[in-house]
Amino acid sequence: MLDVLVPTRDRPAELAVTLAGLAAQYPAEPATAGGPAPEDGRSGSAAFGVVVSDQSDGKPGWAAPAAAAMVRVLRHRGHPVLLTRRLPRRGLAEHRAYLLDASAARYVLFLDDDVWLEPGTVDRLLTAIRELDCGFVGNAVHGLSYLDDVRPETHRHYVEWTGRPVPERLRPGTPEWLRARIHSAANLLHVTRARALPAGQWRAYKVSWIGGCVLYDRSRLCAAGGFDFWPRLDPGHQGEDVAAQLAVLAEYAGAGILPSGAYHLEAPTTVTERTMEAWEVTAGRSDRPPPPAPPPPARR
């Protein structure tokens, strides 16, 4: 039903924290002999599997003691875990394409290796994508070091969907393109506090893209091309998630989900080349400057 796909590189400590967040999700029952954990009854959520693909220069991150312990916890709690390596490196998009091919689940959650999820986050995202019936939903990551840095000028970019999301073709230079500003620093957390939603309630809002924690309807992601554009990119590209989400938005719609239960670990990035923006190539706009986006979450 649902697989969590985690690409990682040279981040054993951060990977352990990311896996710990997954281990604290629902369901919380240990695996039963002879099969996966049953559905837990919370909004009809289902057990999920985890696929970790490592591209570290040395030993894989999942072999480090803390990460290995969290793998054991996940399996004990009923979550199948597949540990793989994908070498040589051919870029972020190829790595994501490999992970997508490794799953046959109806839904896939791409989760970066430097994001901790609070309990209930996966359940809320799964509930949202089922109810909204769109191509993807996501939780933008909070940077808590910016908790006291309130930027009210960015809050105007928060606009809720009043019904089911509809497809959108987003282009640079439009107001819609600036929606990503709500995802920098701790802006979304400040917007969330202002809404004061009752416990258990969530809202869907309009996005241009989301980094770090995105749940896709797998068949719709694949129908929109997935990450199969990777051969057109230099290995040092970035923005592959932006490119894929723009394609899904245009065909099947997408939404951000508030509140977000995703927290950025704010670790240094392991992506240092950054030779091109993937979305510019896939959109045929390689002559344009990068979009006015927030700094991306630290990545592999």
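**Figure 1. The largest cavity has a volume of about 60 Å³.** Welcome to a predicted model, where local features need pLDDT of at least 70, side-chain atom pairs count only at pLDDT 80 or more, and totals for chains, interfaces and linings use all residues. Residues are numbered from 1 along each chain as its sequence is written, and side-chain values use heavy atoms, with hydrogens and water left out. A cavity here is a set of points on a 1 Å grid over the protein atoms alone where a 1.4 Å probe fits but cannot get out, and its lining residues have an atom within 4 Å of a point. Grid points are joined across faces, edges and corners, and the volume is the space filled by probe spheres set on the points. The structure holds three cavities of 30 Å³ or more.

**Figure 2. Look at the lining of the largest cavity, which includes Arg 96, Phe 110, Tyr 216 and Asp 241.** Strand S8 (213-217) and helix H7 (240-252) are the elements that give two or more residues to this lining. Helices (H or I, at least four residues) and strands (E, at least two) are DSSP runs, numbered from the N terminus. S8 gives the most, with three residues. By class, the lining has six nonpolar, three polar and three charged residues. Ala, Val, Leu, Ile, Met, Phe, Trp, Tyr, Cys and Pro count as nonpolar, Asp, Glu, Lys and Arg as charged, and the others, Gly among them, as polar.

**Figure 3. Here is the largest nonpolar core, with 39 residues.** Such a core is a set of buried Ala, Val, Leu, Ile, Met, Phe, Trp, Tyr and Cys residues joined through side-chain atoms within 4.5 Å. Buried means under 20% relative accessible area, exposed over 50%, and partly exposed in between (1.4 Å probe, protein chains only). Among the residues that touch the most other members are Leu 19, Leu 22 and Val 50. Helix H4 (residues 121-132) gives the largest share of this core, six residues. Apart from its neighbours within four places in sequence, Val 50 is in contact (heavy atoms within 4.5 Å) with residues including Val 4, Leu 74 and Pro 80. A second, separate core of 37 residues includes Leu 5, Leu 100, Tyr 205 and Val 207.

**Figure 4. Now find helix H3 (residues 92-101).** Eight of its 10 residues are buried, so H3 is largely enclosed by the rest of the structure. Among these buried residues are Glu 94, His 95 and Arg 96. Their packing partners include strand S1 (2-8), strand S4 (107-111) and H7.

**Figure 5. Two peptide bonds are shown here: Leu 87 to Pro 88 and Leu 258 to Pro 259.** The bond from Leu 87 to Pro 88 is cis, with omega near 0°, and Pro 88 sits in the loop between strand S3 (81-85) and H3. The bond from Leu 258 to Pro 259 is also cis, with omega near 5°. Pro 259 is in the loop between strand S10 (254-258) and strand S11 (262-264).

**Figure 6. Thr 154 lies in the loop between S6 and H5.** Thr 154 counts as buried, at 9% relative accessibility. Its side chain reaches the backbone oxygen of Arg 151 at 2.8 Å. The side chain of Thr 154 also makes a polar contact with the side chain of Asn 187 (3.4 Å). A polar contact is a pair of N or O atoms within 3.5 Å; within protein, one must be able to donate a hydrogen and the other to accept it, and residues adjacent in sequence count only if both atoms are side-chain atoms.

How values were computed: On a 1 Å grid over the protein atoms alone, a cavity is a set of points where a 1.4 Å probe fits but cannot get out, and a pocket is an open set with protein on both sides within 12 Å along at least five of seven lines; lining residues have an atom within 4 Å of a point.
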